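Here's a quick briefing to read with the model open beside you.

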Amino acid sequence: EVSSIHISSWMNRLLVERLQRKSADVARLLDDSQGDWESTCYWMIARYFGGKTNGFAFEMLAKLTPQKILARIKDNPFRVESMLMGQSRLLEGEFNDNYPQSLQKEYAYQQKAYQLQPMDGHLWKFFRLRPASFPTIRISQLACLISHSENLFSHLLETTDVKDLRKLFNINSSPYWQNHYRFDQESDNISKNVGKTFIDLLIINAWVPLLFVYGDRHGDDMKKDQAFNILSQIQAENNHITRLWQSAGLKAENAAQSQAQIQLYNEYCKAHRCLDCPIGYQLLKTNK
C-alpha cells in the first residue's frame, strides 16, 4: 500500500541513522585511544571477533594487549597467539598437550618482559556458542590477522573493492586448532577458516562504521560514500529481522538494505513509533 519510491527514500535515511548509531561505539574507542585510528581499528575489529556474546571480553583483551607490543612480535604467529591467549587467562592451569604448554612458557617470558596485566578470565563465555565461535578459536584467528597485517587501518582505507577487503580478512587459526576447539580436547579435523559470512559481518559491523566516522571527522564525503558503496556490494544479512521483512514483501537486496531494515525494526517497530515512521504514518493515514 506504500509506493516503492516512498519506501526507498525512507530506507536511505534509515541506513544513515544506523551508521550514526554505530558511530557512538567508534567515537568511544577513538576517545579511549586518544585519537589513534590504528588502535581504534584494532579494538573495533577485536570486539566484533567476539560477536554479541564475547564482544566486551575481546575489547578488553585488545585494550590490555597494546598494538605497539604486538607489532614487535608480529612476524612470529606463535608468539602473537601466546600473548593473546595468555592475556585472556585461557592458559591458566595444567595441560597435557605440548602446544598449550609451549604457549604457557612463552607467555611467562612475555609477561615479565613487557610487564603485561592479563584480563579477568571469567568474562569468557562458551555456553550456547557454536564450537567454531569459541573464544579459543577466535583468539587464534585474531592472532593470525595481526601476524599477517601491518598498519591494518591504513591498508583498509586504501581498499575500495569488497573482494580485496575479504582477502585482507581471509584468515585461519593455527594448526593446533584444526583438530581442537579447546585445549587438551581433541576433535575431528576441520579447517578453522573464518568463512565468508563472518568476514562480511566483520566488514558490515566493524569496518564500515569506522570508515564512515573517519570520513565524517575529516570532512571527507568520498569516504562516507565509500562506506555506503561497500554495503551495497555485500549480500543482505539473513537473520530473523530480515526474514520478517521478507515475509511482509520487503526483500533486502544487499547489506545496505538489510541494515536499514534492522534499524527500522529495532528503533521504530519494536518501540511502536509508527507515527515517526513515514511508512507507518502512510498506512495509518490510508486506513483512517
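How far is the sulfur of C274 from the closest cysteine sulfur, and in which residue is that sulfur? It's 6.8 Å away, in C269, and that's too far for a bond. Bear in mind that this is a predicted model.

**Cysteines**

- A disulfide needs two cysteine sulfur atoms within 2.5 Å, and by that rule the count here comes to zero.
- With a relative accessibility of 38%, C274 counts as partly exposed.
- For C144, the closest cysteine sulfur is in C41, 16 Å off, so that one is too far for a bond as well.
- C144 itself counts as buried, at 15% relative accessibility, because the cut-off for buried is under 20%.

**The largest nonpolar core**

- As a bit of background, nonpolar side chains tend to be buried together in soluble globular proteins.
- The largest nonpolar core in this model has 87 residues, and I45 and W207 are the ones that touch the most other members.
- Helix α10 (residues 196-217) supplies the largest share of this core, with 13 residues.
- Leaving out residues up to four places away in sequence, W207 touches F153, L156, L157, L165, L202 and I230.

**L30 in helix α1**

- You'll find L30 in helix α1, which covers residues 4-32.
- L30 has a relative accessible area of 4%, so it counts as buried, given that the cut-off is under 20%.
- Again skipping residues up to four places away in sequence, L30 touches G35, D36, W37, T40 and R217.
- L30 and M44 are 14 residues apart in sequence, and their C-alpha atoms are 9.7 Å apart in space.

**Helices α12 and α13**

- Two packed helices are described by the angle between their axes and the distance between the axes.
- Helix α12 (residues 240-247) packs with helix α13 (residues 255-269) at an angle of about 90 degrees, and the axes are 9 Å apart.
- That makes α12 roughly perpendicular to α13, because angles of 65 to 115 degrees count that way.
- On the α12 side, the contact uses I241, T242, L244 and W245.
- On the α13 side, S258, Q261, I262, L264, Y265, N266 and C269 meet them.
- Sorted by class, the contact of α12 with α13 has seven nonpolar residues, four polar ones and no charged ones.

How values were computed:
Residues numbered from 1 in each chain as written. Predicted model: local features only at pLDDT ≥ 70, side-chain atom pairs only at ≥ 80, totals over all residues. Heavy atoms only, no water. Axes fitted to C-alpha atoms, helices over the stretch in contact; angles between N-to-C directions. Helix = DSSP H or I, 4+ residues; strand = E, 2+ residues; numbered from the N terminus. Parallel < 35°, antiparallel > 145°, perpendicular 65-115°, else oblique. Contact = heavy atoms within 4.5 Å. Nonpolar A, V, L, I, M, F, W, Y, C, P; charged D, E, K, R; others polar. Core = buried A, V, L, I, M, F, W, Y, C linked by side-chain atoms within 4.5 Å. Buried < 20%, exposed > 50% of the residue type's maximum accessible area, 1.4 Å probe, protein only.
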